[in-house]
Amino acid sequence: MTPDRRLRADARRSREQILRAAEVAFARDGFEASLEAIAKDAGVGSATLHRHFRSRRQLVEAVFHERTEAVIGEATQLATTNPPGPALYYWLRSVLRVTVENRGLAVALLPLPEGTPTDSSCHSRLTDVAEGLIEAARATGDIRADVTAADVLSLVNAIALLAEQPGCTHLDAERLLGLTITGIGPEACASGKDASPRHSLPG
């Protein structure tokens, strides 16, 4: 193996070790998990961690990349198998489920500070998907005309962040999402049989 190839292999191995350590730390301590502790658990220095991931948020997004991509991809399937209103409601439940299951992800899905590049952020990609679902639901009268993607994602994120607090159960989170759905669309569509959740949130 040439020195360059060995260096690239070492870099990939370090990155994978950081991601594994970070996943454990975020599950235990949430978004504010110590980056120094993550680097130590990964067997690398803090400088190496920051060389791979320029910010805490970038590290969180990398840890949960596959899970967020799955929920993004689910939007297309839901849109082709359900009317616009229920498709949006099912998808919001999926977003909430993923954020509740993966402690620390909710913060990464919040809007980035103004002026921050957003092309590859979880938030910007989810916003694009939400806008498509909302536009379709608005066209059929299934949601209020003034509802935006920022509105619904902010509400779902707020519920997910609350779910991380002691004393808040998955039933509390699901109830709050139900109230959110009722608030953004006609009650008949929000609480009707077609819009009922197919799976419970994790306990």
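**View 1. Asn 157 sits in helix 9.** The model shown here is predicted. Is Asn 157 buried or exposed? Its relative accessibility is 3%. The cut-off for buried is under 20%, so Asn 157 counts as buried. Which residues does Asn 157 touch, once neighbours within four places in sequence are set aside? They are Ala 106, Leu 109 and Leu 110.

View 2. Read from the N terminus, the order of elements is α-α-α-α-α-α-α-α-α-α-α. The protein chain has 203 residues, and 41% of them are buried. How many of the contacts between residues at least 6 apart in sequence join residues at least 24 apart? The share is 69%.

**View 3. Helix 6 packs on helix 9.** Helix 6 spans residues 84-101, and helix 9 spans residues 149-163. Their axes come within 9 Å. The crossing angle is roughly 35°. Helix 6 passes helix 9 in a right-handed crossing. Helix 6 brings Trp 91, Leu 92, Val 95, Leu 96, Thr 99 and Val 100 to the contact. Helix 9 brings Val 152, Leu 153, Val 156, Ile 159, Ala 160 and Ala 163. By class, 11 of these contact residues are nonpolar, one is polar and none is charged.

**View 4. Helix 9 also packs on helix 10.** Helix 10 covers residues 170-184. The two axes come within 10 Å and cross at roughly 165°. How do the directions of helix 9 and helix 10 relate, parallel or antiparallel? Angles over 145 degrees count as roughly antiparallel, and helix 9 and helix 10 are therefore roughly antiparallel to each other. The crossing of helix 9 with helix 10 is right-handed. On helix 9, the contact residues are Val 152, Leu 155, Val 156, Ile 159, Leu 162 and Ala 163. On helix 10, they are Ala 173, Leu 176, Leu 177, Thr 180 and Ile 184. This contact has 10 nonpolar residues, one polar residue and no charged residues.

**View 5. Helix 6 meets helix 10.** The angle between them is about 150°, and their axes are 11 Å apart. This pair also makes a right-handed crossing. Which residues of helix 6 take part? They are Leu 88, Tyr 89, Leu 92, Arg 93 and Leu 96. Ala 173, Leu 177, Ile 181 and Ile 184 meet them from helix 10. The contact divides into eight nonpolar, no polar and one charged residues.

**View 6. Val 60 lies buried in helix 4.** Helix 4 runs over residues 56-63. The relative accessible area of Val 60 is 0%. Which residues surround Val 60 in contact, leaving aside neighbours within four places in sequence? Phe 26, Phe 31, Gly 104, Leu 105 and Ala 108 do. Ala 108 is 48 residues away from Val 60 along the chain. Their C-alpha atoms are separated by 6.6 Å.

**View 7. Ala 62 belongs to helix 4 as well.** Beyond neighbours within four places in sequence, Ala 62 contacts Arg 15, Leu 19 and Phe 53. Ala 62 and Ala 22 are 40 residues apart along the chain. The distance between their C-alpha atoms is 9.7 Å.

**View 8. Val 24 is an exposed residue of helix 1.** Helix 1 takes in residues 3-29. Why does Val 24 count as exposed? The cut-off is over 50% relative accessible area, and Val 24 has 52% relative accessibility. Val 24 and Ile 38 are 14 residues apart in sequence. In space, they are 8.8 Å apart, C-alpha to C-alpha.

**View 9. Residues 34-53 carry a UniProt annotation.** An unreviewed UniProt entry lists this stretch as "DNA-binding region". What is the make-up of the chain over residues 34-53? In the model, the stretch is 75% helix and 0% strand. Its end C-alpha atoms are 14 Å apart.

Conventions: Residues are numbered from 1 along each chain as its sequence is written. This is a predicted model: local features need pLDDT of at least 70, side-chain atom pairs count only at pLDDT 80 or more; totals for chains, interfaces and linings use all residues. Side-chain values use heavy atoms; hydrogens and water are left out. Axes are lines fitted to C-alpha atoms, for helices over the stretch in contact, and angles run from 0 to 180 degrees between N-to-C directions. Helices (H or I, at least four residues) and strands (E, at least two) are DSSP runs, numbered from the N terminus. A crossing is left-handed if the near helix is turned anticlockwise from the far one by less than a right angle, and right-handed if clockwise. Contact means heavy atoms within 4.5 Å. Ala, Val, Leu, Ile, Met, Phe, Trp, Tyr, Cys and Pro count as nonpolar, Asp, Glu, Lys and Arg as charged, and the others, Gly among them, as polar. UniProt positions are given in the numbering used here, feature names are shortened, and annotations may be inferred rather than shown by experiment. Buried means under 20% relative accessible area, exposed over 50%, partly exposed in between (1.4 Å probe, protein chains only). Angles under 35 degrees count as roughly parallel, over 145 as roughly antiparallel, 65 to 115 as roughly perpendicular and the rest as oblique.
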